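Open the model in your viewer and keep the sequence panel beside it. We will go from stop to stop, selecting residues as we go.

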Amino acid sequence: MSDRQFEQQSLTVAVVGDVHEQWEKEDAEALKALGVDLVLFVGDFGNECLRVVRAIADLDLPKALVFGNHDAWYSATHWGRKKCPYDRLTEDWVADQLEITDDFHVGYAHLDFPEYGLSVVGTRPFSWGGPEWKYAEFYRDRFGVNSMEESRDRILAAVRETSCDTIIFLGHNGPYGLGSLPEDPCGRDWNPIGGDFGDPDFQEAIAATRQLGKTIPLVTFGHMHHNLRHTKQRQRRSTHVDATGTLYLNGACVPRVIVTETDVKRNFFLVSLENGVVTDARLVWLDRHFQAIAQQILYENPGKAMRQLA
């Protein structure tokens, strides 16, 4: 299907924020009840939690994912390896996760969805975030990547392999350049307070992708939770729109499942696209019967409002 044919369609994308082991069969049922077309997972399924990763692999919907820092919790750091609950000489849960998700993991890779006229490109998998190159041994041994520059080039290599000119970027941590206040989408909210904790390789890959003539309606990620550590008076800003109209969406509304005495509430971010352009984005909470009990409009394209008034 060509991009021109896609312009006659609308598309609903679900973004699933940091899971942190909160995934069950009801989540898959909820996504189907919502009628979404494509599901994007931003990572942090648990501390190398194979149970959750296997369950998500069983989700019978078009999907793509990247892994987060918790998905290499016992493998990427010296302190994590000291706490590892399994024998690393005989087991490798990071490798197991990558094998389980081989068909839809897009870290340093891509998936084409020609039926929707778009491709999903994943950024650096297992990112901890920030402008410094961290965990060099892990990235060298797992991916043959030794620097931010090499990481940017790996992301761009995936972009060049896409078959569609409309690109959705999917990362665990967001790109550098979305603000340095602690409440910004990738702002540092722990001591020292403030500073941009986005990923420079992600930012540079976005800029270079535009130079290739690709359009980017949506960049989505998680990692930096909406609940701020230094204050309870406000939450992290979850969206940002740049001068080109690209929507940046932080989907880390954690916990994403809340159990009460009378109900179970779970959240999903829903992004609607028409003609390859984001028209709106919202955070939806569903009850145990998959009925919407709360909805927060996070973004609405000005062009959509104008069309409604016409």
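This is a predicted model: local features need pLDDT of at least 70, side-chain atom pairs count only at pLDDT 80 or more; totals for chains, interfaces and linings use all residues.

**Stop 1: around Thr279**

Show the cartoon. Thr279 sits in strand β12, which runs over residues 277–286. The side chains of Thr279 and Asp280 make a polar contact, at 3.5 Å.

**Stop 2: a pair within a helix**

Next come the salt bridges. The count is 18. Start with Lys25 and Glu29. Their closest N and O atoms are 4.0 Å apart, and the two residues form a salt bridge. Where do Lys25 and Glu29 lie? Both are in helix α2, residues 25–34. They are four residues apart, so about one helical turn separates them. Color by accessibility here. Lys25 is exposed, at 57% relative accessible area. Glu29 counts as partly exposed, at 36%.

**Stop 3: a pair between two loops**

Select Asp184 and Arg237. This salt bridge has its closest N and O atoms 2.8 Å apart. Asp184 lies in the loop between β6 (166–170) and α8 (200–211). Arg237 lies in the loop between β7 (215–221) and β8 (239–241). The pair therefore ties together parts that are 53 residues apart in sequence. Arg237 is partly exposed, with a relative accessible area of 31%.

**Stop 4: another loop pair**

Move on to Asp263 and Arg288. They form a salt bridge, and the closest N and O atoms are 3.6 Å apart. Find Asp263 in the loop between β10 (257–259) and β11 (264–274). Find Arg288 in the loop between β12 and β13 (292–300). This pair ties together parts 25 residues apart in sequence, because each partner lies in one of those loops. Asp263 counts as buried, at 16% relative accessibility. Arg288 is partly exposed, at 41%.

Terms used. Residues are numbered from 1 along each chain as its sequence is written. Side-chain values use heavy atoms; hydrogens and water are left out. A polar contact is a pair of N or O atoms within 3.5 Å; within protein, one must be able to donate a hydrogen and the other to accept it, and residues adjacent in sequence count only if both atoms are side-chain atoms. A salt bridge is a side-chain nitrogen of Lys or Arg within 4 Å of a carboxyl oxygen of Asp or Glu. Buried means under 20% relative accessible area, exposed over 50%, partly exposed in between (1.4 Å probe, protein chains only).
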